[in-house]
Amino acid sequence: MAEKIRLNITPETWVRVTQNDKVFFRIPRDKLYPSGLKRLLRIEKYNNYKVNLLAATKEKHFTLPAQGLGVCFFIPCPKSWSNKKKKRYHNTLHQSRPDLKNLLQAFEDSLFSEDKYIAHYSDLRKIWVDYPTGWIELTFSEPILEAIEMPSIEVK
């Protein structure tokens, strides 16, 4: 039987940050152009997500196995949708943006400085839910192949 861990944090997508983005943190907010302020707020939101996700995994004593981890992202329906549409999409596959790749990249980036030992995910999904917040569910299953001297990766 597979073990499950639920992280009560709404999934966020990965944000590419460059060296040039440092300037947004040096300029006072009231002096930033609207586009710069928007970029700064997006980076801050992503950084808060990383900190909160790391804290949630440490609270659950999570260590990433080299293989056999299933990650399911439960994404809340937009507030602008009608109740009828929210009920129709509840617990169905999420087939629009954000990309699964970007959700997974943000998840890995939040938890590990080096993720080179990850060899296999058993399951990756993103699902709509009719709740105000989303969550991330981790499922551990038996490894498919035998690992050769690949230890579990500790969280940062």
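Q: Does Lys4 count as buried, partly exposed or exposed?
A: This is a predicted model, in which local features need pLDDT of at least 70 and side-chain atom pairs count only at pLDDT 80 or more, while totals for chains, interfaces and linings use all residues. Residues are numbered from 1 along each chain as its sequence is written, and side-chain values use heavy atoms, with hydrogens and water left out. Buried means under 20% relative accessible area, exposed over 50%, and partly exposed in between (1.4 Å probe, protein chains only). Lys4 has 54% relative accessibility, so Lys4 counts as exposed.

Q: With which residue does Lys4 form a salt bridge?
A: A salt bridge is a side-chain nitrogen of Lys or Arg within 4 Å of a carboxyl oxygen of Asp or Glu. The closest N and O atoms of the pair are 3.6 Å apart, and the partner of Lys4 is Glu137.

Q: How many residues apart are Lys4 and Glu137?
A: Helices (H or I, at least four residues) and strands (E, at least two) are DSSP runs, numbered from the N terminus. Lys4 lies in strand β1 and Glu137 in strand β4, so the pair links distant parts of the chain. The separation is 133 residues.

Q: Is Glu137 buried or exposed?
A: The relative accessible area of Glu137 is 17%. Because of this value, Glu137 is buried.

Q: Which helices hold Lys50 and Asp109?
A: The side chains of Lys50 and Asp109 meet in a salt bridge, at 3.6 Å from N to O. The pair ties together parts that are 59 residues apart in sequence, because Lys50 and Asp109 lie, in that order, in helices α2 and α4.

Q: What distance should helix α4 span at 1.5 Å a residue, and how far apart are its end C-alpha atoms?
A: The expected span of a helix is 1.5 Å times one less than its number of residues. Helix α4 has twelve residues, 100-111, and should therefore span 16 Å. This agrees with the distance between its end C-alpha atoms, which is 17 Å.

Q: Against which elements do the buried residues of α4 pack?
A: Among the buried residues of α4 are Leu103, Leu104, Phe107 and Leu111. Contact means heavy atoms within 4.5 Å. The buried residues of α4 pack against β1, α2, β2, β3 and β4.

Q: What is the volume of the largest pocket?
A: On a 1 Å grid over the protein atoms alone, a pocket is an open set of points where a 1.4 Å probe fits, with protein on both sides within 12 Å along at least five of seven lines; lining residues have an atom within 4 Å of a point. Grid points are joined across faces, edges and corners, and a volume is the space filled by probe spheres set on the points. For the largest pocket this volume is about 320 Å³.

Q: Which element gives the largest share of the lining of the largest pocket?
A: The lining includes Arg42, Tyr46, Ile75, Pro98 and Leu103. Elements that give two or more residues to this lining are α2 and β2. The largest share, three residues, comes from α2.

Q: What is the omega of the cis peptide bond that joins Arg97 and Pro98?
A: Pro98, one of the residues that line the largest pocket, lies in the loop between α3 and α4. The bond joining Arg97 and Pro98 is cis, with an omega of about 5°.
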